[in-house]
Amino acid sequence: MLLAVNDLRTSFFTYAGEVKAVDGVSFSLDEGEAVALVGESGCGKSVTALSIMGLINPPGKILSGSIVFNGRDLIRLSERELRHIRGNEIGMIFQDPMTSLNPVLSIGTQIIEVRRLHQGLRGRVARQRAVELLSMVGIPSPGERLRQYPHQFSGGMRQRVMIAMALACQPKLLIADEPTTALDVTIQAQIIELMKELQAQLGMAIILITHDLGVVAGLAKKVYVMYAGRIVESGSVDRIYYHARHPYTWGLLASVPRLDDKPKKRLVPIQGQPPDLLAPPPGCAFASRCRYAMRICVQENPALLPSSDDAEHRVACWREDPEAAAFIGASRGGVA
Amino acid sequence: MIKFLIRRLLSMVLVLWVIATVTFIFMHLIPGGPFTREKKLPAAIMRNIEARYHLNDPLPKQYLDYFRNLLRGDLGPSYTYEGRTVNEISADGFPGAATLGLAAVGIALLIGIPAGIISALYRSKWQDNLAMLLATIFVSVPNFILASLLMLVFALKLRWFPAAMWGEPSQIVLPALALTGFPTAFISRLTRSSMVEVMQQDYIRTARAKGLSNLAVVVRHALKNSLIPVVTYLGPLLAGNMTGRFLVENIFAIPGLGRYFVTSIYNRDYTVILGVTIFYSSLLVVLNFLVDLTYAWIDPRIRFTDSGKE
Amino acid sequence: MEAGTEMELFQPLQRENEEGYVFAQPATTYWRDAWRRLKRNRAAMVGLAVIVFLVFLALFGPYFCPYSYSDQDLTPEGINQPPSWRHWFGTDNLGRDLFVRVLYGARISLAVGVFASLIILCIGVIYGGISGYLGGKVDNIMMRVVDVIYGIPLVLVVILLMVILQPGLKNVMIAIGATYWIQMARIVRGQILSLKEQDYVMAATALGASRRRILLRHLIPNSIGPIIVTATLSIPEAIFTEAFLSFIGLGVAAPMASWGALASEGVQSLRSYPWQLLFPGLAICLTMLAFNFFGDGLRDALDPWMRR
Ligand SMILES: Nc1ncnc2c1ncn2[C@@H]1O[C@H](COP(=O)(O)OP(=O)(O)O)[C@@H](O)[C@H]1O
Ligand SMILES: [Mg+2]
């Protein structure tokens, strides 16, 4: 096992009170495995990723849990030890390639910096290596591009640069936080394709974070669906795509365009707003938006339990409870 | 880049032309003149004087003459300093003013930038609170008050520094300190706020995700960006420092341009007032231009706007 | 259907009559939020208290003093007296009570600060509002004008205006107001430009709201925070400029004395009667400090980026 996140809780202590951004998240992945963390924006995906990287700043704080990477609990490491892991053993790329690169430093400087830091590589060798990295991520005439600045690149190209930077030290784990969200649809596909190729080539594990279930299929084998700081459903890509059990997952699926859709089919966004994490309602956080909500849903939070027909497929929903069966009857719905 | 330079130069010329024209119109809007103040002079003498200063010519001709002279760099004669030209007065007063101004802004940069950075990095800690308290105090103390107080305490009471007499190095200390209060405070606040903003940028997170230490993140990734606003304000700051310079030069009896300026206001010596206005405006325009160049040097987005591809 | 309590839990939720289950977040409005933050800022509250105190003193103080600002006492025991119980701040070279004169100075300074800042507010909001709202060519030209004015040291503009207008309280306000609106105009324009892109303005446009209405009902109210902050912070700037003008003899005419004029007189006799500078000087510093603290606090409280 490469990474095991166990009951992670991260909160932000703001003016208005405690924001429980991540509230008891557990998941794990093996070496070379790719998983996806999916959910609407604001549900705590980035905070989870940043917690793993040890990049939570005040007023944020990791309250409890463990993040075991390669046998070491990252939460207990010193800042020095963490710095050695960041960028070296775990690489990360971010949502907005427009703002994630430093506008006043050349691309070359920013790429070389990583290698110099972790491997002491400088001068011609470092440049040569940077050129290789750029061509590896599919940037044409890399030697020339090295001297240019971020604003001279298009969005997709910048994201390629980000990937090159994250992979500079051949990390064991790559965290990609919404790597395609800010990009055009065609570019999105290219970036996902690139990540897939690179994974085959370099064999790193990937945590793909996205709010778009549509981009998951090509890359990840396993999906974790997050809502309001918790994981509400997890399972193999197949299970999630074709046998989802949680009404929230249905909502996410309904908002994704599919290739096999009839052209005129309408995409349905999920009704309502995600809950305020400052004052989370008791019970299931999704209840207020859920068409199938029952009384118990607003009173008690459902636990994440294996589903009846697949132990790998876990769901946190009261509808799974045997007692609910009587009331659900024919109302079973889904992506109608 | 070339296009950028040409555009900037053209707009500089335009700005200076507008300023010169407006000041010229101002000069002729003002009721009366330097010679029509107290007692009325005999008509013959009055005519004589006006003829000497070409005040009887039709306005358009005066305007053209004024401009022709201006283009040659001639700001005209002083009305009250008999036989002296505004150019001589400026040349006389500029070195003092410049020394003082540069010393003050130099000190301000040396203290203000580090103070601002420390403040930003220790946001809301005591270091920040202390620095920002001091900054607000120094922003709030007008420099002529500060100058008077420094003079009272260090020159008159303690006698550590001479109260007047320009020329000795020790004499520059008090007026420079008096002038440096505001810019130091201002620069530290500016640095702090832009540093705080830069530290929240996505690329800082990227830098930290690379495993850089806090110090390296600040020095390599944040410093350059966060100094952009400081650089931008340097031009106006140097010029704005002038407010203080007028009075501080007056208080410390330094023969700087500001002192002549204040005197010429008392005397309604319009050519000097306007000449100094034009002089300082040109200075500000040139400074702003230099600032823009620096800015372009720091920020490649500006450097390449014209030639770079998107 | 068995009516066990355990089973009822699994009945569908009826939203209409179980409204209480749907949790709305406590609605703290922008202003209440801002006020709460302001109240927590100790420096800002001290600043506010000092401002209130100063206004009170300026309005009513002179009525409780046995002297008027022009009462002279030219006897040797009357002139240039150091502070005492009779004359809290001492007397000047005409034997006038400095305490009363400083109180009157407060009237002038505060009046100049407030009214000049009102003029700045009007010109800046109108100019910046029009420029930002109309955009395009008009905006371009209007901003060029601003650039030109920005190219002239503003102090010089004020001085030139004062030379033309002649000294006097009203003219000081006008000269300052007519000069220092640039910053306000820029801020209003910037705000409007960014707000214009936002959904609700587009929605209003799509619904056919008139330009005037959009400007007045949507754009200006939503940029009110930065406007208030800028206006507040322009008060100490105006007070300082007035003091500066009076110091060089271009401010408010004698025998009324603004703090700047008092300080200017004080400097002449710094060596022998330092209190003549000290008290008006401290008054200026205190007032500017109070407004700056308050204005900074306001900015922190109203700044939407700080929200969270
Ligand atoms: N620096 C912060 N201060 C306060 N709250 C934060 C901060 N960063 C994130 N949050 C809160 O944490 C929650 C989760 O955010 P995030 O992980 O960024 O969501 P996403 O799933 O879109 O990546 C959000 O409700 C957000 O408001
Ligand atoms: Mg995110």
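**View 1. A salt bridge within chain A.** In this predicted model, the side chains of A:Asp309 and A:Arg245 come together in a salt bridge, with N and O 3.4 Å apart. The term stands for a side-chain nitrogen of Lys or Arg within 4 Å of a carboxyl oxygen of Asp or Glu. The two partners are 64 residues apart and belong to distant parts of the chain: A:Asp309 sits in the loop between β11 (305–306) and β12 (314–315), and A:Arg245 in the loop between α8 (237–242) and α9 (247–254) of chain A. Helices (H or I, at least four residues) and strands (E, at least two) are DSSP runs, numbered from the N terminus. Over all chains, the count comes to 22 salt bridges.

**View 2. Ligand 1 and the residues around it.** Here you can look at ligand 1, which lies between chains A and C. It is surrounded by 13 residues, and the closest are A:Gly42, A:Gly44, A:Lys45, A:Ser46 and A:Val47; a residue counts as near if one of its heavy atoms lies within 4 Å of the ligand. Two elements of chain A, β1 (3–14) and α1 (45–53), each supply at least two residues of this shell. The largest share, 3 residues, comes from α1(A). By class, the shell holds 5 nonpolar, 5 polar and 3 charged residues. In this grouping Ala, Val, Leu, Ile, Met, Phe, Trp, Tyr, Cys and Pro are nonpolar, Asp, Glu, Lys and Arg are charged, and the others, Gly among them, are polar.

**View 3. Polar contacts of ligand 1.** An N or O atom in the side chain of A:Ser46 is 2.6 Å from a ligand oxygen. A backbone N or O atom of A:Gly44 lies 3.1 Å from an oxygen atom of the ligand, and for a polar backbone atom of A:Cys43 the distance is 3.2 Å. Of the 560 Å² of accessible area that ligand 1 has on its own, the protein covers 75%; accessible areas come from the Shrake-Rupley method with a 1.4 Å probe.

View 4. The side of chain B that touches chain C draws two or more residues from each of α1 (2–29), α5 (126–140), α6 (143–157), α10 (228–251), α11 (257–266) and α12 (270–298) of chain B. Of these, α6(B) gives the most, with 9 residues. That side has 32 nonpolar, 8 polar and 3 charged residues. In total, 43 residues of chain B and 36 residues of chain C take part in the contact (heavy atoms within 4.5 Å). The two chains bury about 3,600 Å² between them, 81% of it on carbon and sulfur atoms; this is the accessible area (1.4 Å probe) lost on putting the two parts together, summed over both.

**View 5. Two backbone features of chain A.** A:Pro58 and A:Pro59 are joined by a cis peptide bond, with omega about 5°. A:Pro59 is found in the loop between α1 and β4 (60–69) of chain A. A:Ser141, a residue other than glycine, has a positive phi near 35° and is found in the loop between α4 (123–136) and α5 (142–145) of chain A.

**Notes for all views.** Residues are numbered from 1 along each chain as its sequence is written, while chains are lettered from A and ligands numbered from 1 in the order in which they are written. Local features need pLDDT of at least 70, side-chain atom pairs count only at pLDDT 80 or more, and totals for chains, interfaces and linings use all residues; side-chain values use heavy atoms, with hydrogens and water left out.

Key: A polar contact is a pair of N or O atoms within 3.5 Å; within protein, one must be able to donate a hydrogen and the other to accept it, and residues adjacent in sequence count only if both atoms are side-chain atoms.
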